[in-house]
Amino acid sequence: MAQLTFREAIARGIAQEMRRDESIVFLGEDIGAAGGVFKGTVGLLEEFGGVRVRDTPISEQAILGAAMGAAMTGLKPIAEIMFADFFAVCWDIVVNEIAKSRYMTNGQMTFPLVIRSGNGGGLRFGAQHSQSVENWAMMVPGLKVVVPSNAVDVIGLMAAAIRDPDPVIFLEAKVLYASKMDVPEGEIVDTLGSAKVLRQGSDATLVALGAMVPKAIAAADELAEMGIDCTIVDVRSLVPLDTKTLLREITATGRLFTVEENPRLCGWGGELASIVSEEIFYDLDGPIVRITTPHIPLPAADALEDLAIPSIERIVTTVSKSMNS
Amino acid sequence: MSTTTTVSNPTDLEGKLNLYRSQLALRLFEQRAYDLFLENLVKGTSHLSLGQEAIAAGFAAAMRPTDWTFATYRGHAHTLARGVPMTPVLAELLGRSNGLMAGKGGSMHLTSVEHGVMGSYAIIGAHLPIACGAAWSAQYRGTEQVAVCFFGDGSVNIGAFHEALNFAAIWKLPVIFVCENNLWMEYTRTSEVTAVANPAADRASAYGLESIIVDGNDADAVYEIAAAAIARAREGGGPSLIEAKTYRHGGHSRADPGKYRPDSEVAEWLAKDPIPRYRARLLEKGASEEQLREIEELVAADVELATEEAKAGGVPGEDLLMKDVWADGGSSWRN
Ligand SMILES: Cc1ncc(C[n+]2csc(CCOP(=O)(O)OP(=O)(O)O)c2C)c(N)n1
Ligand SMILES: [Mg+2]
C-alpha cells in the first residue's frame, strides 16, 4: 500500500487500462511531453509513446471530434479538456454529435470514449477557470457523468469509464489534485452508477459529490460533536444515478441535505430532491435542504471564493440550524 | 428491394455508363423526394442535391467500399451514391419503420455504417473534426481506409472547419475535405460574407495544402481529382482540400423556390447541368441512344419501386422511443 495523490491516480488509472488494451489512445493539450498542466498525466508519453499519447493544438472541437470519429471506428479514445469551463467552446461536439448520434442512427454507432476534465473552483483562478459544470453534463441525454472524490475512486472509476461502451464525462475536482491517500497495489476496477456510503448516521443524510465530499466528512465530524449524527453518501456517478442507495440512505434518516459545488439553478441536487419528493416524500421528517454555490460566476479573490463555494462551516451551520428548527 | 447506385471505375465506357446511371438515380430520387414533400408525405425538412449529383457520384466511384463518407444534412445523394438502396432512404424521409434508421434520424441524419456512410450532420462544420477522428483511427490501425467529408461553401467560415484542417494537416490524416461550392448558403450569397473569392481553395495554403478547384458539374473531372486525392491519402500523403464548383437547381430546403437568385444565374447553371452534359459525352464516346434509354428506364423503375415500398412501410412503434441511447440498447439513467 503506497500513498498516492489524486493527480498521480489519474495517470495510474489511464496506464492500467492502456496496458491492457491497444485500442485505447489518449489526446489533449499538453498531456504528453508536459505531463498535463495539472501533472495528472506524467509518464504516459514515456510509457506508451507518441502514437498513443498525442499532444494536440488548442482546438477543443478538433480534440473531441477526433475522439468521436475514432470511437465510432473502433478505438477507445480518452480526450482531455484542460479546464471544464472550456467545454463551452466544444459543447456542440459533446451534446449534438457524441450524445445524440447513437440514438439518431437507430443504434448503428457506439461511442466508447472518455472525456476527462479539470473541474470546479478552490484554486482562485477566477470565473472562466473555476466553474463546476457537472450539471451541464448531467442534463444531456446520452452522456454518462462521473465525478470521483478520492485517489482510489479515480483509478477504479477511470477504469470503469474506459471499459464502458458509452461516452463518459469524467470530472476531476482540481482542488483535490494534491490530496493523498493509501492506494492498494494491483488492478482497481470500480463500477459506474454506484454511490458509496462513507459514514452511517441516524439523524441526517448528507449527499455530496467530488470536492464537496471531504468537506461533508469534515462537517459531519463537527456535527457529531454537536449531537447530530450524519450519514454521508458520495454520489460518484450522476448518470447513471444510484437512486437505490440514495433513497435507502435518505429514508433511513428522514432528512436530506445536498452539498453541491455547481451553481444553484438546475444543480444535480434539484433533480435528486425531485426524485425524493416523488418517491419517498412520506419518509421525510423535514424539508430537503440544498447547500450549493450561489447562482453567480465565481470570484477570484480567495476571501470571496471561499464564501461562494460551500464550506465546512456553511455545511455545519445549515445542517444544525435546520435540524434544530 | 430497389437496386443500389454504386459504380465501378469510370475510365472505360462501361464505367462511364455506370456513372451516368448513378447520377441519374440521384437526380430522379431527389425529384421524387421533392414531389413527396409537396404531398406532405416527407415531413419536417429536406435538402436536395439537384444539380450537384456529379460530386457525390464521382467521389463514390473513386472510393473503396471500406472508405468512409461524412455528409451534411444535404446528404441523400451521398448516402445513395455509396450503395445504400433507395427504399430505406426514402422510407426514412417518410418517417417509416422501414427507414434507414427506422425513422429516428430523418432526412438530415442519414447513416449506414455497413455502407461506410458514417453519418449526415446538421450542425455546420461539426463533421469535419469527426472525419479527422475516423481518419486517425484508420492511420492508427493501419487499415488504409480514407475518410471523405463533404460540406458547403458556407461552412468554411465556422471555427470547426479551421480546427479540422489544421489538425488533419499536422497529423497527416487520410481525410479528403470536399467543399461543394454552390455559391449560396441558405439565402445569402457566400461571396458577400467571405474574405476570399474561392471560399475553400483560397484557404488551403493556410494549412500547407495545395489549392484544388474542380468543375463539380463534370463527373469525370470529379472522379479523377477524387481518385488522385484518395490514393495520396491512402499512401500516407495526408489530407486534401478540394473545392468543387457547382449549383443547386432548387431552393435551400423544403419548398424554397430559391427566388433570391437572379434568373440569369440560374439559367447559366442550368445550361451546365451535369446530367445532360454527361449524356452527350457518352453518345460522343460511342454509347448508343438505346443503351442510355435502357438505363433511364431502369432508374425510373427503381424510383417507382422505392416509392411504393417506402409508402408501404409501417409507422415506427413506441418500442423504438426509449431504445438505443446507450450501447446496451436502453435509455435508463438510474437504477
Ligand atoms: C452551426 C450552424 N449554424 C447555422 C445553421 C443553419 N444552416 C443550415 S444550412 C445553412 C447554410 C449552409 O450553407 P452551405 O455550407 O453553403 O451548404 P449548402 O446548404 O449550400 O449545401 C445554414 C446557415 C446550422 N445548421 N448550423
Ligand atoms: Mg452552399
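This is a short walk through a predicted model, stop by stop. Before you click: residues count from 1 along each chain as written, while chains are lettered from A and ligands numbered from 1 in the order written. Local features need pLDDT of at least 70 and side-chain atom pairs count only at pLDDT 80 or more, with totals for chains, interfaces and linings using all residues, and side-chain values use heavy atoms, leaving out hydrogens and water.

**Stop 1: the magnesium ion**

Select ligand 2. Its protein donors are B:Asp153 through OD, B:Asn182 through OD1 and B:Trp184 through O, at 2.1 to 2.3 Å. (Donors are N, O and S atoms within 2.8 Å of the metal, or 3.2 Å for Na, K and Ca; water is not among the atoms, so sites may look incomplete.) Along the chain, the donors are spaced as D-x28-N-x1-W. Now colour by secondary structure: B:Asp153 sits in the loop between strand S3 (147–152) and helix H6 (159–170) of chain B, and B:Trp184 in the loop between strand S4 (175–181) and strand S5 (212–215), so the pair ties together parts that are 31 residues apart in sequence. (Helices are DSSP runs of H or I with at least four residues, strands runs of E with at least two, numbered from the N terminus.) B:Asp153 and B:Trp184 are both buried, meaning under 20% relative accessible area; exposed is over 50% and partly exposed is in between, with a 1.4 Å probe and protein chains only.

**Stop 2: ligand 1**

Show what surrounds ligand 1. There are 15 residues around it, with B:Tyr73, B:Arg74, B:Ala122, B:Gly154 and B:Ser155 coming nearest; the cut-off is a heavy atom within 4 Å. Then try some distances to oxygen atoms of the ligand: 2.7 Å from an N or O atom in the side chain of B:Tyr73, 2.8 Å from a polar side-chain atom of B:Arg74, and 2.9 Å from one of B:Asn182.

**Stop 3**

Jump to chain A and centre on A:Pro240. A cis peptide bond joins A:Val239 to it, with omega about -5 degrees. A:Pro240 belongs to the loop between strand S12 (237–239) and helix H8 (243–253) of chain A.

Next, pick A:Asp30, a non-glycine with a positive phi of about 60 degrees. A:Asp30 is in the loop between strand S2 (24–28) and helix H2 (44–48) of chain A, and is partly exposed at 38% relative accessible area.

Finish at B:Asp324, also not a glycine, where phi is positive and near 65 degrees. B:Asp324 is in the segment after helix H10 (289–311) of chain B, and is buried at 8% relative accessibility.

Note on methods:
Polar contact = N/O pair within 3.5 Å; in protein donor to acceptor, adjacent residues only side chain to side chain.
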